[in-house]
Amino acid sequence: MKFDDLRHYIATLEKLGQLKVIEGASCDLEIGAVTELASLKPDSPAVLFDSIHGHKKGFRVLTNFLAHRGRERMVYGVDENLTDSEAVKYWKNKLKQVSPIPPKQVESGPIKENVMTGDEVDLTKLPWPKWHQRDGGSYICATAVVTRDPDSGYINVGSYRYMLLGKNMIVAHIGSGHHGDVIRKKYWERGKSCPAAISLGHEPSLYEASGTNLSWGVEEYGYAGWMRGAPVEVTKGVTTDLPIPAAAEIVLEGEMLAPGEGMQIEGPFGEMSGYYGGGARPAPVTVIKSVLYRNDPIILGSPPFLGASRGILSSRGILIWNELEALGIPNVIGVNYSWGMTIISVKQSYPGHAMRAAHGALGGTAGYHGRFVIVVDEDIDPFNLDDVMWALATRCDPETSLDVCRRIWSYKIDPRLPKNKKEVGDYTGAVAIIDACRPYHWIDEFPRTTKIDEELLKTTEEKWGKFFK
């Protein structure tokens, strides 16, 4: 579906019975705890918080908005009846046909219904939840941050978490090497602060685009336009000349100061790994010059909780799959990436095929931050962990099927990275490759499985399946 804005998306969820409205919750852990509780339910509803304790009614927070199979597929335009493997294959192939739709510049938009500048700016009027019990502060973590490359004019939209410091100050975690980090460093090298416009609530395709690993120079606005089938409308900011989403809920405009101009402690914050791997560390401050917001604005919240991942269609697995194909590795049947583990299903065609796929995953851009690469045969569904564990237990020989690769690209929030390596900036680790395929050189002699073959299963389902409905 093409959603006009976040409100259109919320109205759709309400019609589908996938929205719960909670009134009176507190930003101090309650919003986070309710969100985690909702994410663990089988129906995993989206949750809209209103009348938040200590805040004006109408200043709302929406959470759990994509942590559901049906909602993710609705945003991506993928048939809900497809299996996970089929859905991933469909989206992987569609990604090869991306045709960005450039944003449409408009004079104004709902985002300019209310504007605070200068001394009027007071970020504490907005609800900033403390999501996890051991977080170092209050955070907003489903942002779409607009910056402009000073050399080329390339507009980047990235998603980074921000911690509240005061009325007009926040501090971000932006990973080293992310495009937003590359851009801000260019300004700093020129002795300037980096202008930024931070959207706190936006249509879901823009959120997904801002968190997607696109190539340098490929604009997220264009990618989001392609996803939704229509251009994202943008309007010029008030205190920056950056193009901001015209239908956004709240946008903060300001400057990311250079490290020598202002540093504050950021963190700790509960990470996607399920740990506090990054700790607390100094980070450059962002000073907010203006706040733009719609009447009764809505802030997006997508905190990392175990079990509340971003979904399979936004997973790195699809990107890894396309990288493997770009390397010329044939017969890749499926790729699943989750919790730093890459599982690749291949139909072996030659000796070393499985290991070539494993090393290809390690050598690409998308497969970093991992601990294990597991390769399985084509009869194993990489999204069915029972299948994968069965292959590990019956086809993997610990003496010959395990390899360890060292000094592989990792990141500083890796919970297993030793303290001494973090202190010197050595963000590398080891990755185990597990070959859980039948040995190619005697694959024809490997014992046959007791599984029913696909044709017999199909005919049995057609004849007898009615008794099990």
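**Chatting through charges, sheets and loops**

Q: Where does Glu-454 sit?
A: Glu-454 is in helix H12, which covers residues 454-464. Keep in mind that this is a predicted model.

Q: Is Glu-454 buried or exposed?
A: Exposed: the relative accessible area of Glu-454 is 63%, and the cut-off for that label is over 50%.

Q: Switching to salt bridges, how many does the structure hold?
A: There are 30 salt bridges. One of them brings together the side chains of Glu-249 and Arg-7, at 2.8 Å from N to O. That pair links distant parts of the chain, 242 residues apart: Glu-249 is in the loop between S13 and strand S14 (250-256), and Arg-7 is in helix H1 (residues 6-15).

Q: How covered are Glu-249 and Arg-7?
A: Glu-249 is buried at a relative accessible area of 0%, whereas Arg-7 counts as partly exposed at 27%.

Q: What does Asp-149 form a salt bridge with?
A: Its partner is Lys-186, and the closest N and O atoms are 2.9 Å apart. Asp-149 is in the loop between strands S7 (144-148) and S8 (155-158) while Lys-186 is in helix H5 (residues 179-189), so the pair ties together parts 37 residues apart in sequence. Asp-149 counts as buried at 2% relative accessibility, and Lys-186 counts as buried at 18%.

Q: What about Glu-203 and Arg-228, buried or exposed?
A: Both are buried. Their side chains meet in a salt bridge of 3.5 Å, N to O.

Q: Which residues do salt bridges with shared partners join into one network?
A: Lys-347, Asp-377, Glu-378, Asp-379, Arg-395 and Arg-438.

Q: On to sheets. In what order do the strands of the open three-stranded sheet run?
A: The order is S4-S12-S13, with mixed pairing. S4 (104-105) and S13 (243-245) each have a single partner strand, so one side of each is left without a neighbour in the sheet. S4 pairs with S12 (residues 233-236) in the parallel sense over two bridges, and the bridge partner of Gln-105 in S12 is Val-234.

Q: How many residues of strand S20 are buried?
A: Five of the six in S20 (residues 372-377), so I'd call that strand mostly covered. S20 pairs with S19 (residues 341-346) in the parallel sense, over six bridges. Within that pairing, Ile-344 stands opposite Val-375.

Q: What is the phi of Asn-64?
A: Positive, about 55°, although Asn-64 is not a glycine. Asn-64 is in the loop between S3 and helix H3 (69-76), buried with a relative accessible area of 7%. Ser-51 is not a glycine either, and has a positive phi of about 50°.

Conventions. Residues numbered from 1 in each chain as written. Predicted model: local features only at pLDDT ≥ 70, side-chain atom pairs only at ≥ 80, totals over all residues. Heavy atoms only, no water. Helix = DSSP H or I, 4+ residues; strand = E, 2+ residues; numbered from the N terminus. Buried < 20%, exposed > 50% of the residue type's maximum accessible area, 1.4 Å probe, protein only. Pairing = 2+ DSSP bridges. Salt bridge = Lys/Arg side-chain N within 4 Å of Asp/Glu carboxyl O.
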